[in-house]
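The sequence and structure come first.

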Amino acid sequence: MKLAYYPGCTLKNHAKNFEDSALCAIEALGVEVDEIDRWNCCGTVFSLATDDLIHHLAPVRNLIRVKEAGADGMLTLCAMCFNTIKRSNERMKSSPEDLAVINDFMYREKLAYEGDVPVYHLLELLRDELTFEKVAAAVKRSLGDLKVASYYGCYLVRPAEIGIDDVENPTVLDDLMKALGADAVDFPLKTECCASYQTVDNPDIVADRTNQIVSSALGQGAEVMVVSCPLCAFNLDHRQRETARKYPEFKHIPVLYFTQLLAIAMGCTEESLKLDLHHVDPKPLLQGKGLI
Amino acid sequence: MSPFVTKVQQLSGQNLLACYQCGKCSAGCPVVSQMDILPNQIIRLAQLGLREDLLESKAIWVCASCMTCNVRCPKGINIAEVIEALRQIMLRRREDHVDVKELSDAERADVPPIALISSLRKFTS
Ligand code: SF4
Ligand code: SF4
């Protein structure tokens, strides 16, 4: 299966650690991906208003680019891109009228879209195509006894129609962490929203969420949290500064992308981890565990 | 049915009268502590067509579109879509909730594109 890789905006700057670690890890696993030519921002959030067709253009345009590349599907890393593009795709598949309007609007595209490009998240590729057994067999550096709390957030699992796992009790990230040799730490708030885009004009509410979510993970013995979304990463990691200001008892924890631990396990260089992009420095923990 | 209720139902694609006020949407909402009216109350006020109470509420701008209420509603109502419809009614009057010019340079540089774009998509027309 040849997949076209859709990075999305934030993976080229604030979340370069997500992109570089993922690309290194999947190469080590023998998966070949090419970045989509001339991709554009997906819009980050799926349009919930029934008549708001214009915001489906961006996702559909990216799907046309995948077709132009002759790929079998689109590979996403960012949970928000995954959700936005996959949901637009589902709407196009279920509504030929909407699809016709969109195609008419984009009449200068060389191809009309037909709702025929499947959208995958990297976790699905690892679980369903490669399988976690094979991932486990490819581990060069086991994560040992690292205690990892997997945070799913919203858009990997909701709504159920497009989610990649159980809507209330997903385990795909935990299963991957176990395949890499880590101790997976389950915690009750693993699918509770971090308050998302509220971070721009209402960071106070994010501090509340981060306090609860991080404290819940720490309470179950986690040493590190992993995420699959750059907005979750920003809220749970960078906003720990605001959280600590508001809640003096708050205890910090490093937050990594799941791909960074995957890359470590696959023997990637530290350069691909870009550990300087974090707010809470993960290096002391990783060094202490002999992982970097 | 008032034009306002019809509009909310159209924009959201939801049948407001299906709600029987069990409160499950509000029970699981992660940002409910900052809401002046709770998600189940939003649905109730919308059934009754109480336009000003809804459009002037803080709650519609506190919702993070996390979809938790949607996946839990026993009546299959997409509450997040109803809240989006209310935001859209305001935004289509050019009543933006966020003004990017009011953010300091530091704030703008601090947050990643994914945060800025989603905030502007949700809170500006
Ligand atoms: S969960 Fe559904 S039925 Fe219950 S109060 Fe909320 S909208 Fe109404
Ligand atoms: S979608 Fe909005 S109202 Fe529903 S649970 Fe999430 S934040 Fe609360």
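A salt bridge is taken here as a side-chain nitrogen of Lys or Arg within 4 Å of a carboxyl oxygen of Asp or Glu. By that rule, four salt bridges cross the interface of chain B and chain A. The model is predicted, and side-chain atom pairs count only at pLDDT 80 or more.

**Interface of chain B and chain A**

In one salt bridge, the side chains of Glu168(A) and Arg72(B) meet at 2.8 Å, N to O. Polar contacts across the interface of chain B and chain A come to 21 residue pairs, with both residues at pLDDT 80 or more. On the side of chain B that touches chain A, at least two residues each come from helix 1 (3–12), helix 5 (59–62), helix 6, helix 7, helix 8 (105–110) and helix 9 (113–123) of chain B. Helix 9 gives the most to this side, with 10 residues. Sorted by class, the side of chain B that touches chain A holds 22 nonpolar, 10 polar and eight charged residues.

The size of an interface is often given as the accessible area lost when the parts come together. For chain B and chain A the buried area is about 3500 Å², and 59% of it lies on carbon and sulfur atoms. Of the area that chain B buries against chain A, 19% is supplied by Gln34(B), Ile114(B) and Arg121(B), more than by any other three residues. The contact involves 45 residues of chain A and 40 residues of chain B.

**Ligand shells**

| Ligand | Residues around it | Closest residues |
|---|---|---|
| Ligand 1 | 13 residues | Cys19(B), Cys22(B), Gly23(B), Cys25(B) and Cys73(B) |
| Ligand 2 | 13 residues | Cys29(B), Cys63(B), Ala64(B), Cys66(B) and Cys69(B) |

The shell around ligand 1 divides into eight nonpolar, three polar and two charged residues. The shell around ligand 2 has 11 nonpolar, two polar and no charged residues. Helix 6 (68–72) and helix 7 (79–91) of chain B each supply at least two residues of the shell around ligand 2.

**Ser150(A)**

Ser150(A) lies in strand 5 of chain A, residues 147–150. Ser150(A) counts as buried because its relative accessibility is 1%, and buried means under 20%. Leaving out residues up to four places away in sequence, Ser150(A) touches Leu173(A), Asp174(A), Met177(A), Val185(A), Phe187(A), Lys190(A) and Val226(A).

How values were computed:
Residues are numbered from 1 along each chain as its sequence is written. Chains are lettered from A and ligands numbered from 1 in the order in which they are written. This is a predicted model: local features need pLDDT of at least 70, side-chain atom pairs count only at pLDDT 80 or more; totals for chains, interfaces and linings use all residues. Side-chain values use heavy atoms; hydrogens and water are left out. A residue is near a molecule or strand if one of its heavy atoms lies within 4 Å of it. Helices (H or I, at least four residues) and strands (E, at least two) are DSSP runs, numbered from the N terminus. Ala, Val, Leu, Ile, Met, Phe, Trp, Tyr, Cys and Pro count as nonpolar, Asp, Glu, Lys and Arg as charged, and the others, Gly among them, as polar. Buried means under 20% relative accessible area, exposed over 50%, partly exposed in between (1.4 Å probe, protein chains only). Contact means heavy atoms within 4.5 Å. Buried area is the accessible area (1.4 Å probe) that two parts lose on being put together, summed over both. A polar contact is a pair of N or O atoms within 3.5 Å; within protein, one must be able to donate a hydrogen and the other to accept it, and residues adjacent in sequence count only if both atoms are side-chain atoms.
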